[in-house]
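Here are a few exercises to work through with the model open beside you. Try each task before reading its solution.

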Amino acid sequence: MNEQIIHQILTKHWGYSTFRSLQQEIILSVLNGNDTLALLPTGGGKSICFQVPAMAQDGICIVISPLIALMKDQVENLQKKNISAVAVISGMSRNEIDIALDNCAFGKVKFLYVSPERLSSELFTERLRNMKVNLLAIDEAHCISQWGYDFRPAYLKIADIRQLLPKVPVLALTATATKTVENDIQEKLNFKSKLVFRKSFQRKNLSYVVLYEEDKLKRLLKVIINIKGTGIVYARTRKKAQDIANFLIRNKIKAEFYHAGLSSAVRNKVQENWMKEKTRVVVATNAFGMGIDKSNVRFVVHFDSPESIEAYYQEAGRAGRDEEKSYAILLYSQTDRADLEHRMENNFPDLKKIKNTYQAIGNYLKLPVGSGKGVSFNFDLSELCNMYNLPVSETYNCIKILELQGMISTNEAVGLQSRLHFLFRANELYEFQVKNPSFDHFIKVILRSYEGIFNDYVSINEDELARRAVMAREEVNRQLNMLDRLKILSYLPANDKPQLTFLEERLDMANFYIDRENLADRKKRFAERAKSYLYYAESHHRCRSQMLVAYFGETDTLRCGECDYCLERNKADLSDLEFDLIHNEVKSLLMKNSIDLNELIEQMNPSNEKKSLRVIEWLIDNEQIRYIDGNKLVWTEE
C-alpha cells in the first residue's frame, strides 16, 4: 500500500500531518497482511494503528474491547468524523443487535466494536460469515493472558473467530505487557509468525515520585497547590474518592469525584467539566481515565496503592500525553503494605462463599436453572447484598472469581439513551396514521426530528420530543409505549444500570464447579505482582523509571534524572560512572564487615576522597548504609 495514501487518510480524518513513533510501521505491517502485536505506552496512539488501515481498505474492521465506556467513546469520536461505526454492548435488545449486525454485513459500517463475550453468540457468528472483514483489532490484548493482571476468559475465544476469518490479519494492542505476556498473546491469538513492534515504555517527560507520608491529605493538598494544571487523584474506594474530593473543595481546589456508582449522566458531566477545565482535579476510582483523550494532564496522584506495576504504570501514564513535563506521584505509607497484603487474602474468598454468591445471583435475577446463556440483566450489587444479607466487598470479590471462571461477566452502567425504530414501512405507517388520527401529530414530530429511523434504532430525547410536540413528558411516554405495544415501533427506554451477563446456562448446585488449581494459580500470580509493586514503592536505591521499564523487559535504559531517587542522586554532583564506581567500592568493603568512616575512607582510592565522602553521605541519607555500634558503618540489605 502506498505510504502517501495512509498519510492522506491521517490528515483528512484526524488532522495530523505525521504519524507518531512506530504508528506507520504498525499500519504498513497490518496492510501487508501480517499478524502484528503493538506494545505502545498509554497515550501512544493505539487506536490510529487500526483505524487508519481499516479506512485504507474495503470492508469492515472488528474491534474487540473489554470496556463499554471505551467502545462508546471511540464510536462517538468516529461518528463525529463522519465515519460509520457501531458498538454492540450489554443492555441492547436482541432486535437492536440484529439490525446493527445486519448493517455491518450489508451496509457501509466501517467499524464494529464488540466485547469478547459477544464472540461466542450464535447471532454474532452467523452474521460474521456475511461480513467483509479487513482487520481484527484486539484492544487491551493483555487480557488474553492468564499471566496478565487483567485476564478475561472470553478473550481466549478470539482464536475460534480466526477460523472463520482465515485470511484476515490480527492487530493486538496493549500498553502493559511483560515478556511472558507478550509471548502468550501471540500464542493464544494463533499468530502465523511472531511480529512485535515495541515502543520504549520509558516516558522521558514524566517524573515518577514516591512520597512516604502518613498524613496523605495534607501532602496531597501541598502537591496540588505546587503543581499547576489539571490532574487525577486515584483512590481505592468510592467513599474515599468522595471524601478526598470534599476535602479539596473545602481547601479551595475545584474538584469533583467520579466512580462507577454514579449515574452515567453525572459521570459524563464530571468528565466534561474536567475536559473543559471547569474542574481542576477529578478524584476517582480506577473507573476513570480509560480512553479519555486529554493530553495536558499535569499530574496523576495515587492516594492508595494499586495492586500491580501494570495498573500503576497504565494509570500514571495518563499524565503528560502532550510530552510536556508532568508528574506521577505515589503517596505511600506502611499501612499501604498491610492493606495490599490484606487484599491478597480477601480477593480470593473460599469456595463456599463463591458458591453461595452464584446461587444468590441466580435467585436475585429469577433465572431458572439451565437457562440464561448470553442474556444480560440489569444488576445492582447493593440491592443483591441487601436482599440476601451479603457483605458487599466479599460478594464483589466472589463475582470477580466467577468472571475468571468464565461463568458470568459484568459491566459498568451502560448509559444507553432511549432508542426508537419504526417497524412499519413508510407506506404502512401512513395508513396507520390515517386510521388513527390521535397518533398522527406525534408520529409526524418523530419523523421530522430523527433520520434513519426506518432502517435502524436512533437515540431520542423524550423531553425534546415533548417540547416539539407541545405535549407533557408523561404523554410522550404514554404514546411511545402504546405504539410499542401495537408493534408500530420499537421503543427502548434509557438504561443506566450496570449489566451482568450469564456466559453459560445457570448451573444447579450439584453441577457447580470451580477449578481450584486455576484459582490457586491466580492467587499466586496476584501475590507475585503485588510483591513487585511493593518492591517498587519501598525501594530507595534505583531510578524509578528504570525500575518500571525493567519490569516490562527493558534493561538498558539510562537514569531519568527526574524521579525522587534521581533528584537526590543528582545532589552528589558526580557522573553516573563516578558514582557507580564509588558506590560499588563502598558496597564491596561493607558487605565483608562493618567499618568506621575513617577506616572506610582509608581503604578507598585516596584521590577520590571528597567524591567518596559525597557518595557515602548520599548512601546514609538514602538508608543504603547505616551506623551500628555507635560509629561503624554497615551495608543495608536491599
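**Exercise 1: the faces of a helix**

Task: find which residues of H13 are buried, and work out where they sit around the helix.

Solution. Start with the list: Asp336, Leu340, Arg343 and Met344 are the buried residues of H13. Looking down the axis of H13, these buried residues fall within an arc of 105°, so they line one face of the helix. Buried means under 20% relative accessible area, exposed over 50%, and partly exposed in between (1.4 Å probe, protein chains only); the arc is that of the directions from the helix axis to the C-beta atoms. An α-helix has 3.6 residues a turn, so residues three or four places apart point the same way.

Next, turn to the face pointing away from the buried side of H13, where you will find the exposed residues Gln334 and Thr335. Finally, see what covers the buried residues of H13: the cover includes helix H9 (216-226), strand E13 (326-332) and helix H21 (516-538).

Before going on, some ground rules. This is a predicted model, in which local features need pLDDT of at least 70, side-chain atom pairs count only at pLDDT 80 or more, and totals for chains, interfaces and linings use all residues. Residues are numbered from 1 along each chain as its sequence is written, and side-chain values use heavy atoms, with hydrogens and water left out. Helices (H or I, at least four residues) and strands (E, at least two) are DSSP runs, numbered from the N terminus.

**Exercise 2: one aspartate**

Task: decide whether Asp184 is buried or exposed, then find its partners.

Solution. First locate Asp184 in helix H8 (residues 179-188). Its relative accessible area is 8%, so Asp184 is buried. Now follow the side chain of Asp184 to that of Lys188, with which it makes a polar contact at 2.6 Å (a pair of N or O atoms within 3.5 Å; within protein, one must be able to donate a hydrogen and the other to accept it, and residues adjacent in sequence count only if both atoms are side-chain atoms). Setting aside neighbours within four places in sequence, Asp184 is in contact (heavy atoms within 4.5 Å) with Ser145, Gln146 and Trp147.

**Exercise 3: the two ends of H19**

Task: inspect the start of H19 and the residue that follows this helix.

Solution. At the start of H19, a side-chain oxygen of Asn461 comes within 2.9 Å of the backbone nitrogen of Asp463. After H19 comes Val470, with a positive phi near 55°.
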